[in-house]
Amino acid sequence: MNPIIKELEEQYKKSDIPAINPGDTVKVFVRIVEGNKERIQAFEGTVIKEHGAGINKTITVRKVFQGIGVERVFLLNSPRIDKITVLRRGDVRRSKLYYLRERSGKATRIREKIEKR
């Protein structure tokens, strides 16, 4: 990679992003501008996909709201993202969890990762 591009990317990269993996349950706080007002809205769900690297890294978060599956793609280094908190660590054996789209209810549960102390 070009050192000039790398230097520019480092300038815009966020440092407060936690380690996020597919299967994790996260809460993403997004800044939303409505007219001249700005508010923060939380989106809580399961990470089903990670994509890209460096400044272009994105995650796809899925939740079920009123019986309808909602997926949203977040650019991790976007200035619109206020903060991300990891609520649960998921224990999955694949990187893309698209199979969750066909499942509903208890079938969408993911084992929790037990971490060593």
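Which residues line the largest cavity?

Reply: The largest cavity is lined by Lys14, Asp16, Ile17, Leu76, Ile81, Asp82, Lys83 and Ile84. On a 1 Å grid over the protein atoms alone, a cavity is a set of points where a 1.4 Å probe fits but cannot get out, while a pocket is an open set with protein on both sides within 12 Å along at least five of seven lines; a lining residue has an atom within 4 Å of a point. This is a predicted model, in which local features need pLDDT of at least 70 and side-chain atom pairs count only at pLDDT 80 or more, whereas totals for chains, interfaces and linings use all residues. Residues are numbered from 1 along each chain as its sequence is written, and side-chain values use heavy atoms, with hydrogens and water left out.

The space in the largest cavity is about 40 Å³, volume being the space filled by probe spheres set on grid points that are joined across faces, edges and corners. A search of the whole structure finds 1 cavity of 30 Å³ or more. Its lining has 4 nonpolar, no polar and 4 charged residues; Ala, Val, Leu, Ile, Met, Phe, Trp, Tyr, Cys and Pro count as nonpolar, Asp, Glu, Lys and Arg as charged, and the others, Gly among them, as polar.

Strands (E, at least two residues) and helices (H or I, at least four) are DSSP runs numbered from the N terminus, and two strands pair if DSSP finds at least two bridges between them. Strand 3 (residues 58–65) is joined to strand 4 by 8 bridges, and Val61 stands opposite Arg72 in strand 4.

Within strand 5 lies Thr85, which counts as partly exposed because its relative accessibility is 28% (buried means under 20%, exposed over 50%, partly exposed in between, with a 1.4 Å probe and protein chains only). The C-alpha atoms of Thr85 and Phe74 are separated by 14 Å, with the two residues 11 apart along the chain.

As to confidence, pLDDT is the predictor's score for each residue, from 0 to 100. The chain averages 92, and 100% of the residues score at least 70.
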